[in-house]
Amino acid sequence: MSLVNADNPAAKAVPAPTANPRREALLADFIGTRAATYLAHYRRIERADPPAAVQAFQLPRRTMSWHWAAFLVTIPWLFYRKMYLGGIVLVILPVLFDHIAPGSLFFGSGFMIAICTGLYAKSWYLGHAVNKIDKATETFPTLEQHTAYLRRAGGVSIPGAVFGALTQGITVFLALRDLLQQ
Amino acid sequence: MSDPLLLRVAAAIAAIAPGGLLLAYFSYSSAWRGIRELIWIAFGLGFTAAIPIAGVASLYSQSFFSIADLRLFAIGVAFLEASLPEELGKFLVLYYFILRHEDMRRPLDAVALSIVVSLGFASIENIYYVFGSEDWGGTAMIRAVTAIPMHSTMGIIMGYFGAQYLIAPRRRALLLMLLCPTALHGFYDYPVFAVQRLYETSQGLADGEALEFQIVFFAAILVTGLVTALTIRSLAKTPDYVTMLPVGGYAAPHASAGKNS
């Protein structure tokens, strides 16, 4: 059985040489849509710091690169890529801060979150993917099970994008309305 | 609430504490790392889902205030402004994110996770009620013993049908997953909103009305308790609920969220 999802043209488009083809194949399987973009970033990390490329928690620290979608539509992008915990934290924290210190959503936190996500989006996503791959290999014994798990865990979620867009849109609208009323 | 910063922090803690403590219990008592992570995701999604739901409900909530008839007003607010959007929000989170999650291992997990989704939803609702109240301490205490258990109970019932859907994906289970909690939640809210309006309009309660709303309120609690007890009994008796699902979750007939496209 091939490690790379045969139905995934993005995964095939990636050039061959890599230090760890098995991990990269699993990454391509996990990422699905636009895998080449993220794998190119993964290769950059791998070249710059090989040990960091296999440790999920070290990945985000390594390289910055710009991701327009993550900057412009931060929350929908996170939910679209199934990084639910990240999306939730970035929704909840500004809402809580805005209740404790009204107006903070606009005077700082919202914009800072968007810039940080834009800068680290690719690394965060790769960290998330490596984490899931590690979990699959720790939990399940066979390659078929790894692949089944990663295909469910990875890819993109349209309901997630819709949910994120609604949440971000309405949060901004409500906060803006409160701010104007004050 | 125009209190100093420290009081606002205290109010936020008081609002989140009931749901947060139960969340901590669920998280602490789960052995597997995957399900522990999913518990936090479920809580967070329930919490987050309240934001779009509140936004959508606020678009039409004002229209109920023009209804002169007390009972019609209370039914409209209880079912269309409160229970339907709230339970729909929890249902969508459960159906689109939790039941399809790769770490969902057993149908029984759906029940626990549904409770956690409800707790997340109840927590943010609590924040808005507590911050919107003059007596925030009293509001937080009353809601800790009324709203939080009510949302958790609805979570059990919704999760039960969610677990049934994992065992045999049929539309009937999905329909009951939404309708059953919506109906029970609406009946619970109906007398509350009716009495609230009477006090807001300074009309007070007539003897007959007091009895009527008390009967409906306690009947709603009784029926909800009975349904919950039956679902727990069924969960305990049926071994299918603890059978492991295939790796990567159940094979949903209309699932597209997990596809690598």
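Q: In which helix of chain B does Ile51(B) lie?

A: Please bear in mind that the model is predicted. Ile51(B) belongs to helix α2 of chain B.

Q: Is Ile51(B) buried or exposed?

A: A residue is called buried when its relative accessible area is under 20%. Ile51(B) has a value of 5%, and is therefore buried.

Q: With which residues is Ile51(B) in contact, leaving aside its neighbours within four places in sequence?

A: From chain A, Ile51(B) meets Val91(A), Val95(A), Thr167(A), Ile170(A) and Thr171(A). From chain B, Ile51(B) is in contact with Ile124(B).

Q: How many residues of chain B are in contact with chain A, and what area do the two chains bury?

A: In chain B, 41 residues are in contact with 41 residues of chain A. Together the chains bury about 3500 Å², with 66% of that area on carbon and sulfur atoms.

Q: How many salt bridges are there between chain B and chain A?

A: There are five. One of them joins Glu37(B) to Lys135(A), whose closest N and O atoms are 3.4 Å apart.

Q: Which helix of chain B gives the most residues to the side that touches chain A?

A: Helices α1, α2, α3 and α4 of chain B each supply at least two residues to that side. The greatest share comes from α2(B), with 14 residues.

Terms used:
Residues are numbered from 1 along each chain as its sequence is written. Chains are lettered from A and ligands numbered from 1 in the order in which they are written. This is a predicted model: local features need pLDDT of at least 70, side-chain atom pairs count only at pLDDT 80 or more; totals for chains, interfaces and linings use all residues. Side-chain values use heavy atoms; hydrogens and water are left out. Contact means heavy atoms within 4.5 Å. Buried area is the accessible area (1.4 Å probe) that two parts lose on being put together, summed over both. A salt bridge is a side-chain nitrogen of Lys or Arg within 4 Å of a carboxyl oxygen of Asp or Glu. Helices (H or I, at least four residues) and strands (E, at least two) are DSSP runs, numbered from the N terminus. Buried means under 20% relative accessible area, exposed over 50%, partly exposed in between (1.4 Å probe, protein chains only).
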